[in-house]
Amino acid sequence: MNPNLRISDAEWEIMKVLWSAKKSLTASEIIESMSHPEWSSKTVRTLIARLVQKNAIKADMSSRIYQYYALYEEKDCILAETQSFLHKVRGNLFKPVIVEFLNKRSLSKEDIEELKSLLDKRSGD
């Protein structure tokens with residue numbers, strides 16, 4: 001994953017459509033799958049063009065109609081965004097951010113066990 005890749009919130013919406021499709025899609029198919037019906041097709045096509053320019057997605061031009069696909073897996077983009085966020089709040093703000101997140105989000109038993117396991121592993125380092 002390119003560490004300099006910055007994807008806007010609107011561009012994330014395009015990426016989510018491509019990741020959920022698990023196949024390449026035409027611009028029209030992306031537009032149809034969008035959860036923002038108020039966005040014009042021109043807006044969506046602009047976002048697609050930006051993602052191509054940023055090398056986040058690629059256009060397969062082997063046929064008359066371009067097919068777009070993500071160049072990075074969703075988990076890799078999420079990890080990069082998380083690392084970018086943590087870099088911004090590093091220092092004294094890190095603990096309050098995590099505490100606030102945990103207080104605002106309901107966690108399943110499985111989530112809690114996974115977090116405990118991760119913390120136990122980390123404390124053993």
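Lys22 counts as exposed because its relative accessibility is 75%, where exposed means over 50% relative accessible area, buried under 20%, and partly exposed in between (1.4 Å probe, protein chains only). This is a predicted model, in which local features need pLDDT of at least 70, side-chain atom pairs count only at pLDDT 80 or more, and totals for chains, interfaces and linings use all residues. Residues are numbered from 1 along each chain as its sequence is written, and side-chain values use heavy atoms, with hydrogens and water left out.

You'll find Lys22 in the loop between helix 1 and helix 2; helices (H or I, at least four residues) and strands (E, at least two) are DSSP runs, numbered from the N terminus. Most residues other than glycine have a negative phi. Lys22, though, has a positive phi, near 55°, and Asn55 has a positive phi too, near 60°.

Asn55 sits in the loop between helix 3 and strand 1. Counting contact as heavy atoms within 4.5 Å, Asn55 is in contact with Leu71 and Tyr72 once you leave aside its neighbours within four places in sequence. Asn55 and Leu5 are 50 residues apart in sequence, yet their C-alpha atoms are 8.2 Å apart in space.

| Residue | Relative accessible area | Class |
|---|---|---|
| Glu11 | 2% | buried |
| Thr26 | 11% | buried |
| Asn55 | 48% | partly exposed |

**A buried glutamate**

Glu11 belongs to helix 1 (residues 9–21). What does the side chain of Glu11 join in a polar contact of 2.7 Å? The partner is the side chain of Lys54. A polar contact is a pair of N or O atoms within 3.5 Å; within protein, one must be able to donate a hydrogen and the other to accept it, and residues adjacent in sequence count only if both atoms are side-chain atoms. A polar atom of the Glu11 side chain also lies 2.8 Å from the backbone nitrogen of Ser8. Setting aside neighbours within four places in sequence, Glu11 is in contact with Arg6, Leu47, Arg50, Leu51 and Lys54.

**The core**

In soluble globular proteins, nonpolar side chains tend to be buried together. A nonpolar core is a set of buried Ala, Val, Leu, Ile, Met, Phe, Trp, Tyr and Cys residues joined through side-chain atoms within 4.5 Å. The largest one here has 22 residues, and Ile14, Ile30, Ile48 and Tyr68 have the most contacts inside it. Helix 1, helix 2 (27–33), helix 3 (41–53) and strand 1 (57–60) each supply at least two residues of this core, with the largest share, six residues, coming from helix 1.

Thr26 lies in the loop between helix 1 and helix 2. Leaving out its neighbours within four places, Thr26 is in contact with Ile65, Tyr66, Gln67 and Tyr68.
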